[in-house]
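Good morning. I will walk through one structure today, starting with a sheet and ending with a few individual residues.

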Amino acid sequence: MNLSGVRNAIIAKVDGMTGFRMSPFPVELFDRSQNTLAHLAFAVSISSTQSMNERQRVPTRVFMASNVSLIFAYRIRPHSVSTDYNLAMDQEVDVIETVLGSYAATPGIEIRYDQSTRTFAQSLEYVLINLTFTTIHTP
Amino acid sequence: MAYSVVPKMRRDGTIKLLDNAGSNTLTISFESGDFNFTPSKDAEVIIRDRNAISNVRRGDQEASATGSFTVFMREFTDSAQAGSVLDFVNKTGQYASNVSTGSTGTPRIEEYCIDIEYTAEGTDNGDDADHKATLSKCICNVVFTEGDPSTLAINFTCYGGVVYVGPT
């Protein structure tokens, strides 16, 4: 599966989750999303790609590993910061489980979860959860 | 033409497995490119005069070579589709009707064995010909290791000799 196919497969997974919709902004500029649309907005980028340790004979197959960044926003209500922060992290686990789910319909992708980072918007209105995954795929 | 001035690298290599007379073959794909083999010579019998080596006589014949290569594990076995290295080296699945290369000639080998052909691309690099090493009558043992990706290491012992072919 090529790079755009990998990205589309992951977008399709998250887009299928209740309430999630893709932001028009890439991961790197995700904080420009409008506040009114930001809750459960997400973006997916393939931030880098590396070669695998293999022969790289093009007539057969070439393997590569790509780092995928997935970011989504979760709204924090002013009087429920602790509760909503927990809810955001519960949602994060759902996203991880969804992204690690079956790709039987779009074969050619192996994916592993790497890490999460959580930051708050300056307004304290949203927590931004950035997940990174490693995918192994063909070009 | 002059002797090649192009050092070969992983991308130039192809490994092909063959059964008897090459009626069934499998060109390896999804591999790490770590094919290696060590041809061996007869055992050395060292004869000493007191403490000094006075003669080294040729001793027992040894296996022709030992070696290994690694493929990425995609399937263990498949009866319907060709492509399983494990099936080819074990005479199972789609390759259950393979014929051992060791069943005729000398040495005759009771265990199922195959020929392994390694080719380094030459003509695409401006050489007169491709460069080939054929290891005959290889008994293969496989080590599975889980990882990202999981691998099958094919370790082989060759008893039928190593033949090199290059530009003439």
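**The sheet in chain A**

A:A65 stands opposite A:I136, which lies in β5(A). Before going on, some ground rules: this is a predicted model, where local features need pLDDT of at least 70, side-chain atom pairs count only at pLDDT 80 or more, and totals for chains, interfaces and linings use all residues. Residues are numbered from 1 along each chain as its sequence is written, while chains are lettered from A and ligands numbered from 1 in the order in which they are written.

Back to that pair of strands. β3 (residues 64–75) and β5 (residues 126–137) of chain A pair in the antiparallel sense over 12 bridges. Two strands count as paired if DSSP finds at least two bridges between them. Strands (E, at least two residues) and helices (H or I, at least four) are DSSP runs, numbered from the N terminus. In general, strands of a sheet pair through backbone hydrogen bonds, either parallel or antiparallel.

In chain A, 5 strands form an open sheet with mixed pairing, in the order β1-β2-β3-β5-β4. Its edge strands are β1 (21–22) and β4 (109–120) of chain A, each pairing on one side only. Helix α1 (residues 3–15) of chain A packs on this sheet and touches β1, β2 (41–51), β3, β4 and β5 of chain A. Contact here is C-beta atoms, placed from the backbone, within 7 Å.

One residue in chain A has a backbone angle to point out. A:Q56, in the loop between β2 and β3 of chain A, is not a glycine, yet its phi is positive, near 60°.

**Chain B**

Chain B has 1 helix and 10 strands. Of its 168 residues, 27% are buried. The C-alpha trace of chain B spans about 65 × 45 × 35 Å along its principal axes.

B:A21 also has a positive phi, near 65°, without being glycine. B:A21 sits in the loop between β1 (13–18) and β2 (25–27) of chain B, and is exposed, since 10 other C-beta atoms lie within 10 Å.

Where are the cis peptide bonds? One joins B:T106 and B:P107, with omega about 0°; B:P107 is in the loop between α1 (85–90) and β7 (114–120) of chain B. Another runs from B:D148 to B:P149, with omega near 5°. B:P149 is in the loop between β8 (131–145) and β9 (151–158) of chain B.

Note on methods. Contact = placed C-beta atoms within 7 Å. Axes fitted to C-alpha atoms, helices over the stretch in contact; angles between N-to-C directions. Buried ≥ 20, exposed ≤ 12 C-beta atoms within 10 Å, placed from the backbone.
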